Amino acid sequence: MFFIVTAFHAEAKPIIEYFGLKKVMKPCRFQVFVGESVALVESGLGIVASAAATSFLLTEFEAGAKDAVLNIGICGAKDSSFKKGDIILCHKIINHDTKRTFYPDIIVEHKMKEAVLETFSFPVNKEEYPCSIEGDVVDMEGAGFFETASFFLPPHKIHCLKVVYDHLDSEKVEPALVSELIRGKLPLIEQLMSSISSMNARVSEDLIEKESELLGIVSQNLKLSFTMTQQLKHLVRYYLARHRKLPEALRDFANVKVSSKNEGKVYFERIKEILRR
Amino acid sequence: MKELKKFSAVRSFSHIYVEEEVKDHPLTLEILSKFPKAVKIQINHYKEVFCRPKQNFAVQEMSKKLILAAKKGRVIYSGPEVCQDFGNKNFYYTSPALNCIYSCDYCYLKGMYPSANLVIFVNIEDYFKEVENLLKQRPVYLSLSYDTDLLAMERIVPLVSRWIAYVRGKEDLTIEIRTKSANYSALSHLPPAGNVILAWTLSPSEVIERYERKTPPLELRLENIKRAIDDGWKVRLCFDPVLYFENWHLFYDNLITRTFSVVSPEKINDASIGVFRIPRDYLKRMRKTFPFSEIIYYPYVEKDGIYTYPEKIKEEIIGYVHLLLRRYLPPEKIFII
C-alpha cells in the first residue's frame, strides 16, 4: 500500500482522480481517500497538522513492512535553478525551528531533480525573511511528515515529493494551478512508486503465510515451548535457504497430537533431524 | 496503480554525505573528485545518517552511500578476543572506515552496524597522533582493516598508502592490513615495508561464489599474493572463517593445494585458521534482516555470548584444515583461533 499525505485538497485532487480513489465515508478529523493500493489523507496546513495526519493514516491502515508513504505538495524554490512545475525528490529535510534533519534512503533510479527541503512554521518571503534559508526549497509540512513517518517505516519507504510553485515571492496560490502542476507530474510519481514496489518485492521476505500457519499447527499440536518454537522457525529458515521448499515429512507432523510435553520433545527431536539434512 | 515494472537501483555512492567539519579536508576533496556526478549532501555528524532508526541493511546494500566524517574521541582499541593476536602482546585495532564494499553473507558487520552505508573517517592525522601516544608507552601491533576492507577501497581513498608511509621506519609499530581484494596494484609502486603485513583472506571458490558476493575470485587473490611476495612484502594467509557445509573437506583441500601451488610456502609470513563465530546480538540482528541464509540460520551453539559451530564440528574443521596447512607450513607459523 502507498500512503500519501497532502496539505490541501488542490494538491490531493489530481492524485485522487489519477488513482481513482474514493472518499472514506466515516466520521473522522481528516479527509481520507482510498483505492486499491493507495490511501491519501489531507492534513491541512503546517508541521503539526501534517504530523498528526501522517500518524493517523499510518495507524488507521496499519502500515507495515510492505508499505511506503509519500508527502506530495507544492513548495517555493530559493533560486531560479528550479523552475515552476519542477518536481523534486528531497534528499534532506530540515525542520527550520528545531534544526533536526531527516534523510530518506534514495535507492531506486528516478527522473526527478533532488534538493534539500526546509520546513518552516510560517510562510517565507525571500525578500522579507532576514535570515539565510538553508534549504533549496521551502514548505510548511515536510519535516513534520517525515519525523512522524519515521516512527512507522524505514527511511527507504518515506519520501517528500515537492512541485515548485513559486520562488518565495509571495505569489498568490491558485488552487487550479496547484492541481494542474501536480497532475502533470503524476506519471513520474507513479514511476517512482512502481520502482519502490519492485524493490520491495526483491527484498527477501520472511516465512510466507502458509509456512507460518503450518509451523503454528505443529507447535501447538506438539505442545512446544516458546523457545522450541523459535528453534523450529530458525531450522525451517535454514532448511528453506538450502532446499527452497519445506520437506514433505514436516507436514506429517501437523497431524500428530501429543498428550504431554515430553512426548512433544521426542517428536521435536525428529523434526530437528529432518530439518538439518 | 499500474503494473509493477522492473526497477534499477541507483549506483552505489550516488550520494555522498559530508560532515560540515571535514568538507575542506584534503582527503575529502580527493574522494569527492573521484565522484564528480555524486549528489553531495552536507551533514553535521555522520550518525545523523548512519544511525537513523529502522534502516534496512539488505535494501541499502543495493545502493550503498558514502559518508565522509571525522572520528572523535578514542580511535585505537584493544584487540578483541574473537580475533587472533598472532603472538603479539600489545594487540590493538582501529577502524579508519566502517563497513565494506563487499557483501559476504557471513560478515558480522551486517549485525554490528545499523546501516550498510560506508563511513570513511578522513581525519587520519588524529589516528597517527593516538598511535604516537601509545608508542611512547609500548610497542604496538595494530590491525587496520577489521571493520572494512581498506585495500579494496584504496582507489577511492588511499588510506593504506598513507598508513604505510606513516609506519615506515617505526620499529615498534607493526600493522596488519586484511583484505579479500585483488587491489595490490594500488600499492605495488611502493617499496615494501618490513613492519607491514598484508593479510589475505582465502576461501574455496565455491564459498566465494556462494557467500562472498562482489569479492574477487580465488585465482585473482592468489595472483595478487604472489606479486606482493615477489615484491618483498610480508604476507599472511587467513583461512578465516572456515565454513561448514556439504563437501567442505574437499573444497578446503582444493583451496590449500591450489594456494601453495601458486605461492611458495617458505615465503609466507604465517597463516591463521578460524571457524565462523559471531557475537549473539549481531547474529540476532542478521537473522532479522536476512531471513533465508544458510550461513545465518545454521543451528550454531552459544558459548560466552558467541555463536559458533558445535564443539565437535569446530574441532573437526580446525583439525582438518590444520592438517592440510601442516603439509606446507611449520607449526609455529600456523595460528588457530
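**Reading the contact between chain B and chain A**

Modeller: The contact between the two chains takes 37 residues from chain B and 43 residues from chain A, where contact means heavy atoms within 4.5 Å. This is a predicted model, in which local features need pLDDT of at least 70 and side-chain atom pairs count only at pLDDT 80 or more, while totals for chains, interfaces and linings use all residues. Residues are numbered from 1 along each chain as its sequence is written, chains are lettered from A and ligands numbered from 1 in the order in which they are written, and side-chain values use heavy atoms, with hydrogens and water left out.

Colleague: How much area do chain B and chain A bury between them?

Modeller: Buried area is the accessible area (1.4 Å probe) that two parts lose on being put together, summed over both. Here chain B and chain A bury about 3,500 Å², with 64% of that on carbon and sulfur atoms.

Colleague: Which side chains meet in a salt bridge?

Modeller: A salt bridge requires a side-chain nitrogen of Lys or Arg within 4 Å of a carboxyl oxygen of Asp or Glu. The count between chain B and chain A is one: Arg52(B) meets Asp105(A), at 2.8 Å from N to O.

Colleague: Which elements of chain B give two or more residues to the side that touches chain A?

Modeller: Helices (H or I, at least four residues) and strands (E, at least two) are DSSP runs, numbered from the N terminus. The elements are strands S1 (15-19) and S2 (39-43) and helices H2 (47-50) and H3 (57-60) of chain B. S2(B) gives the most, with four residues.

Colleague: Why is one side of S2 in chain B left without a neighbour in the sheet?

Modeller: Two strands pair if DSSP finds at least two bridges between them. In chain B, five strands form an open sheet of mixed pairing, in the order S2-S1-S3-S8-S6. S2 and strand S6 (97-98) of chain B stand at the edges with a single partner strand each, so one side of each has no neighbour in the sheet. S6(B) runs antiparallel to strand S8 (residues 118-121) of chain B, joined by two bridges; Ala97(B) has Ile120(B) as its bridge partner.

Colleague: In chain A, does Thr229(A) count as buried or exposed?

Modeller: Buried means under 20% relative accessible area, exposed over 50%, and partly exposed in between (1.4 Å probe, protein chains only). Thr229(A) lies in helix H6 (residues 226-243) of chain A and counts as buried because its relative accessibility is 14%. Helix H3 (residues 142-149) of chain A is mostly covered, with seven of its eight residues buried, among them Phe145(A) and Phe146(A).
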